[in-house]
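Please open the structure in your viewer, and keep the selection tool at hand. The tour below moves from stop to stop, saying what to select and what is there.

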Amino acid sequence: MKTLQQIQQQALLHMEYGRLELGPSVSANPVSSYLDLALYEKEMDGIVKKRPLPWIDSSKVKNVGESYSAEFLGVPIIAVRDEQRKIRVYLNACRHRGAQLKVVKEEQIKLVCPFHGWSYSTNGNPSEIPERQNCFASVSSTAFRLKELPAYEAAGMIWIILSQDEFSFPSAFQQLLEDREELGFLPRHALTEKSFIANFNWKLGVEAFLEVYHFTHAHAPYLAQLQFPNLSISDTQGENCRIVVPLRKPSEDTSLLQWAQVMYFIFPSSFLLFYDDHVALISLLPLSINQTLFRAIPLVPSEASKTDSKIQQKIDFLEVIIGQDIEILEGIQKGLQCKANRLFTFTRLEYLLAKFHQDLHVGLSTQVP
Ligand code: FES
């Protein structure tokens, strides 16, 4: 992986010689991959639910004993901050007969079922089962441990794995954590989320964030005057990648975010877009083969920046840009079935799209059945 200093040098060379960063070859992706219901279901179970998805911002469960419960992609989930300040996330279903739990903070923090009164410690083990000695003594209580979802806090958000499978979170966020000093901040608080259902396959949405080729056309007049159109510098780490988009020429005394926007792609469908004063988290959650929950969550580094009008202007601007993308993507979705294209072509500027599809393919083919 390149250091950010190497990226700066590379950006200067590209600018000086008018070069672009190009992939090795033109490639193509079958249009059927956006329409195939069996493939969609495999992607959901084999990829989306097995990789980190941003759920809620950490401040919702900031203090020990605080909890939050909600449905996420149709799954009831409850989070609680335990006595060691670690975030614990469980499927919100009592292991007796499935009722949803509530967190009670008395002498100890417990997750309590309102139906027959079973309660659980924050580590998920049953701590009290009414009439246990009379009617339930022979059953091991560890068999009734709450189902835990792997969870990790990064960039002000709680990220979870819906499938319950083990996952090495630090590897997904490694680039971001290594760049922390150069970035100058990591976000800690979320502002108001904007979310809506977009009528396109989730992969079309991801693709739009993996290339800058469309900027000057789709986002005219706003991005038509980019000083270095079509220039981005990317490097990948496993399935994830970092994309640096130069906005102006770097000089020795400018920090990274003063001359570029930096975006971290957390495979398979999340993007952390760094501005010099905040981060926009974009998450594309598949709801069906042709519907995607589009979430945009501004994340700021401090309480004080919550009311910064400059940040609000950038949030409003991004909303306009996203609106332009959505309109085009919904149009593409409508045309998928008309057979104008059997394949979509990815130019050498769009090589990260080819890699994304390749990673999906590899991820599905290397799964343990
Ligand atoms: S369903 Fe929870 S205690 Fe019975």
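Between which two strands does the loop that holds R85 lie? Select R85, and you will find this residue in the loop between β4 (75-81) and β5 (87-91), where helices (H or I, at least four residues) and strands (E, at least two) are DSSP runs, numbered from the N terminus. Before going further, note that this is a predicted model, in which local features need pLDDT of at least 70 and side-chain atom pairs count only at pLDDT 80 or more, while totals for chains, interfaces and linings use all residues. Residues are numbered from 1 along each chain as its sequence is written, and side-chain values use heavy atoms, with hydrogens and water left out.

R85 has a relative accessible area of 45%, so it counts as partly exposed, since buried means under 20%, exposed over 50% and partly exposed in between (1.4 Å probe, protein chains only).

**The nonpolar patch**

Now select Y222, F317 and V320, which make a nonpolar surface patch of about 260 Å². V320 sits in helix α10 (residues 309-335), and its relative accessible area of 36% makes it partly exposed.

Next, go to I78 in strand β4, which is buried with a relative accessible area of 2%. If you also select Q100, you have a pair that is 22 residues apart in sequence and 8.8 Å apart in space, C-alpha to C-alpha. Then move to L284 in strand β19 (residues 279-288), which is buried as well, at 0% relative accessible area. L284 and P229 are 55 residues apart in sequence, and their C-alpha atoms are 26 Å apart in space.

**Salt bridges**

How many salt bridges does the structure hold? There are 18, each being a side-chain nitrogen of Lys or Arg within 4 Å of a carboxyl oxygen of Asp or Glu. Select R51 and E239 to see one of them, with the closest N and O atoms 2.8 Å apart. R51 lies in the loop between α2 (37-46) and β2 (53-57), and E239 in the loop between β15 (233-237) and β16 (240-246), so the pair ties together parts that are 188 residues apart in sequence. R51 is buried at 12% relative accessibility, whereas E239 is partly exposed at 23%.

K355 is partly exposed, at 22%, while D359 is buried, at 14%. Then select D82, R88, R145 and E148 together, which are linked in a network of salt bridges.

**Cysteines**

Finally, select C135, which counts as exposed at 57% relative accessibility. A search of the whole structure finds zero disulfides, a disulfide being a pair of cysteine sulfur atoms within 2.5 Å. For C135, the nearest cysteine sulfur is that of C94, 14 Å away. The last stop is C338, which is exposed with a relative accessible area of 52%.

Note on methods
Patch = residues over 30% accessible without salt bridge, like charges linked within 9 Å, V, L, I, M, F, W, Y side chains within 5 Å. Areas by Shrake-Rupley, 256 points an atom, 1.4 Å probe, with all protein chains shown as cover.
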